[in-house]
Every structure is written in C-alpha cells, then in structure tokens.
Amino acid sequence: MRLSFPYVTVRTSPSDANAKKLANRAQRSRRNEWLLAALLLAPNLILLAIFTYRPLFDNFRLSFYNWNISSPTSTFIGFRNYIEFFTRPDTGTILLNTVLFTGFAVLGSMVLGLLLAMLLDQALLGRNIVRSTVFAPFVISGAAIGVAFQFVFDPNFGLVQDLLTRIGVESPQFYQDRWWSLFMVTFTFVWKNLGYAFVIYLAALQGLNKDLAEAAAVDGASTWTRFWRVTLPQLRSTTFFLSITITLNSVQVFDIIHTMTRGGPLGNSTTTLVYQVYTETFTNYRAGYGATVATILFLILLAITVIQVRYMDKENKR
C-alpha cells in the first residue's frame, strides 16, 4: 500500500523576513568594518614586520653564529656566544654599570621631574619661561649635550672645576676615576631627560582632583601628608608610565656615553650593555657576539616590562 503526502508550503511572516534582512545587513556591515580595519592596519603591520620583527628575529638567529662583520660568510657555533657572555670577566662590570646607570637615571629623572613640576605648577612670575627652559634640553641631540658636558666636567678648566676652586675644593678626576666617570654620564643623562619627566608630571598634576587636597587641608593635614596621602596616589599611573619609558630610554642610551667617555676610562668604567653591542660589532667586528648581547638586553627589558605591568595590574585591582 502506498502512502502519499501532500506538499506542505511554509510561509514566513513579514516580521521574520525583516529580521533575516536585518541580520544579513548586520553581518555585511561587520564584514565591511573588518575589511576597512584590515586595510587601514595593513601598512603599519607590514612596516612593523619589516623594520621591527624581522630584524629582531634576524638578530636572534645571528647570535648563534660567529660572523666577522666584514666577511660575507658566517659559522654556526650554537650557544658558544652565550657561554662566553656569562663566563667573561668583564660581564659583571658591564651589568653593574648598566644597573647603576639605569637605576640612578630613572630615579633622578622622576624625582627631580616631580619636584620641578610641583614647583612650577604654582602661580609664579615667569613660570612659562622656566618651563620652556627646563624642557629645552630634552629636544637637543644627546651627542651635542655630551660634547658640551665634556667641558663642564673637565678637571682642568671646566665649569665644575672653576666652581669648586672658588670654595677651596679640588675637582674630582672625572676622566680618571671609575665611579666619578659613571656619575658624570649619569648626571648628564638626567639633565638632558629631566624635561620629559617634568612635562608628563606637570600635565598629570594639572588634571588632579583639587577637591581632595583642599578637603585634606581643611581637616588639618600637613603639606607632606597631603602630598604622600592625596597627591602621590593620584599620580600612580603617571609614575608607572614614566618608570617604563625612562627605563627603556636609559638602558638604550649610547650617544652620551660615546661622546663623553667611549665606554672608559680605565677599561669598561662606563660601558653598558648597549654600548658593548656597539663595540663588539663595529670595533671588534664580532657581529655574532654583539647580537648575543643585544638579545640578552632585549630579554632583560622584556622581563622588566612584564614585571612592571603585572605589578601595576595588581595595584589597580586593590
């Protein structure tokens, strides 16, 4: 026995048809937005890939080779460059120089920048001229400032020597003493980059909630208490931003050290990791070892940045 069923016609209501059209239109709109975003981002991503990530991977690859920069050929040596770095007697000195220079440069720039920002945030006569004067060194070439400060710290006829002679104090031998030479380049870097921290802190101070400080003053809080309990906590994100940017900038400083001391005196007195990359690559013609130092420097900076970001995230969640 055969059973036959009649055809069943399913009709959609006008509301269902409109909903389907709206869904298709929304899907098409999202697709067009993605295409537009890809079109706008593509040039930047291509440039990043060519000029940032490709050199980064090439540098990492080169660190496993022994290559004289003047030779067209290179030899694969595995981890020998890394073993040499951690066993060389001057590695400890260079790492210590990098840590001391970076630490005092970051601390000095941020502390002095905050103090100047708080001072020049007041209604003072001629403060705009002083603000411009403080910021001006930041836009000057580091090499030019390094050459100028060679004469400032000259122990025979420099400005520091002249000022100390007037009060009966002998000038330190900045170019013959390890620690004084490191102090000299650190001071020069802080002087040059002070304007950067100053401008960032000044902008942050002008955006603070003044009502909190005024309420604390009414309650009898001292100036120090208002700064420590009210102002400084509001500057936490600004301080975090400056700590990262100044750290990255100070670790990579080259021009001031090259023009003032060339990594010396007395061997590696002011040689940092980034300056060692230069000397090994372009003075000793050991591009493979220079790439090794650059890779280690990159990993150190990456670790510092990750630690700072995680610390800031924990602070924000409190």
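Okay, so when I say helix, I mean a DSSP run of H or I with at least four residues, and a strand is a run of E with at least two, all numbered from the N terminus. With that in hand, helix 1 (14-62) and helix 13 (287-317) each supply at least two residues of a nonpolar patch. Before I go there, a bit of housekeeping. This is a predicted model, so local features need pLDDT of at least 70 and side-chain atom pairs count only at pLDDT 80 or more, while totals for chains, interfaces and linings use all residues. Residues are numbered from 1 along each chain as its sequence is written, and side-chain values use heavy atoms, with hydrogens and water left out.

Which helix gives the largest share of the patch? That's helix 1, with six residues. From the other helix, take leucine 299, which lies in helix 13. Leucine 299 has a relative accessible area of 47%, so we call it partly exposed. For those words, buried is under 20% relative accessible area, exposed is over 50%, and partly exposed is in between, with the 1.4 Å probe and protein chains only.

Now to charges. Side chains of opposite charge can pair when their charged atoms come close. The cut-off for a salt bridge is a side-chain nitrogen of Lys or Arg within 4 Å of a carboxyl oxygen of Asp or Glu. How many salt bridges does that give? The count is seven.

Arginine 54 is exposed at 52% relative accessible area, and aspartate 58 is partly exposed at 29%.

Then look at arginine 88. Its side chain meets glutamate 84 in a salt bridge at 3.7 Å, N to O, and glutamate 84 is partly exposed at 23%. Arginine 88 also bridges to glutamate 280, with the closest N and O atoms 3.1 Å apart. Arginine 88 is in the loop between helix 2 (80-87) and helix 3 (91-120), and glutamate 280 is in helix 12 (residues 273-283), so this pair ties together parts that are 192 residues apart in sequence. Glutamate 280 is buried, at 4% relative accessibility. And it goes on: salt bridges with shared partners join Glu84, Arg88, Asp90, Glu280 and Arg286 into one network.

Leaving aside neighbours within four places in sequence, aspartate 90 is in contact (heavy atoms within 4.5 Å) with Asn268 and Gln276.

Next, what UniProt says. Positions there use the numbering we have here, feature names are shortened, and annotations may be inferred rather than shown by experiment. The unreviewed entry places "domain: ABC transmembrane type-1" at residues 95-308. In the model, that span is 74% helix and 0% strand, and its end C-alpha atoms lie 20 Å apart. UniProt also lists "transmembrane region" stretches, including residues 132-153 and 287-309. Residues 287-309 are 100% helix, with end C-alpha atoms 33 Å apart, whereas residues 132-153 are 68% helix, with ends 25 Å apart.

One residue from each of those. Glutamine 308 lies in helix 13 and is buried, with a relative accessible area of 17%. Beyond its neighbours within four places in sequence, glutamine 308 is in contact with Phe240, Ser243, Ile244 and Thr247. Alanine 143 lies in helix 5 (residues 142-152) and is partly exposed at 28%. Where does the chain come back to alanine 143? At isoleucine 256, which is 113 residues apart from it in sequence but 5.6 Å apart in space, C-alpha to C-alpha. Alanine 143 also touches Asp255 and Thr259, not counting residues up to four places away.
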